[in-house]
Amino acid sequence: MEDSPNDRLHFGIMGFGCEHYRRRCQIRAPCCNEVFPCRHCHNETTTILPLLKQSTLRNIFDRHELVRQDVKHVICSVCDTEQPVTNYSHHYNYSYEMITQCFYQVAQVCSNCGVNMGEYFCNICKFYDDNTEKEQFHCDDCGICRVGGRENFFHCKKCGSCYGIGLRNNHRCVEDSMRHHCPICYEYLFDSLKETTVMKCGHTMHCDCYHEMLKRDKFCCPICSRSVIDMSKTWQRMDEEVEAISMPSDYRDKKVWILCNDCNDTTQVYFHIIGQKCGHCRSYNTRAVAPPVLPQ
């Protein structure tokens, strides 16, 4: 019995792909003319070229990353047919109804065997994915596809990225904060597949890196040094230690200038081996600085 058009479209769903995406096509990278399961597979390969003995790209000058919008051809994983990403010619051996349906999915459906190369397809990003449970959507302001459902995100124009709606009017904006590398693992955050978090200071990093940082008792942003969690109880304990420990007479009246990493205030305080407390916000997240230069 001949498969119905709908059965054919969904043939092989979730049966092909790589560790990054489940999809029924591979891409030909226009930058090096090599075939890869996805853009991330290409980038991982081309950034470790010296370690690849069998790579056709042999020297460090071949290192490069693939621009997703530049992809022009894909190879169907079901029938191995290479075809343009945007293909307006149809040669299906199926019913007129299927041809009509596929006309609106010209780049999503294989021109030879008629299967969906991805249940989700974005013609702007040249992106295919069979796992629609991720609720992919394209953000015009970001210029790329995101996951998690369009209704659950908003685009912050100053930060330059999509954030969860819980952060709308509830985060400190830092210009282009997502268009930087994670300060821990140094992976580029804007199009990273890993979940990211926005710290109190407005800077961003991977959630896993953030929690690992806290496990190692590092409670300051690696970029601006502001406290990333409520440290009031810690400051209270340090107050008690300062009160309990008297400084030697040589240091008892010594004063130092400090800069508070939490409020950016510069003050002069008494030196103590436990720490220097900000006179403005009462934080011990401070550092010694040179005295301010007074105007002549």
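Mentor: Before we look at any strand, note that helices (H or I, at least four residues) and strands (E, at least two) are DSSP runs, numbered from the N terminus. This is a predicted model, in which local features need pLDDT of at least 70 and side-chain atom pairs count only at pLDDT 80 or more, while totals for chains, interfaces and linings use all residues. Residues are numbered from 1 along each chain as its sequence is written, and side-chain values use heavy atoms, with hydrogens and water left out.

Trainee: Okay, which residues of β1 are on its covered face, and which on the uncovered one?

Mentor: In strand β1, residues 25–28, Cys25 and Ile27 make up the covered face, whereas Gln26 and Arg28 make up the uncovered one.

Trainee: And what does β1 pair with in β3 and in what sense?

Mentor: β1 pairs with β3 (residues 73–76) in the antiparallel sense over four bridges, where two strands count as paired if DSSP finds at least two bridges between them. Glutamine 26 has isoleucine 75 of β3 as its bridge partner.

Trainee: What about β2, which residue there is the bridge partner of arginine 28?

Mentor: That partner is valine 35, and β1 and β2 (residues 35–36) are antiparallel over two bridges. Their hairpin has six residues between the strands, and asparagine 33 in it takes a positive phi near 60°.

Trainee: Switching topic, where does isoleucine 229 lie?

Mentor: Isoleucine 229 is in the loop between α4 (207–215) and α5 (232–244). Leaving aside neighbours within four places in sequence, isoleucine 229 is in contact (heavy atoms within 4.5 Å) with Lys200, Tyr210, Leu214 and Phe219.

Notes:
Buried means under 20% relative accessible area, exposed over 50%, partly exposed in between (1.4 Å probe, protein chains only).
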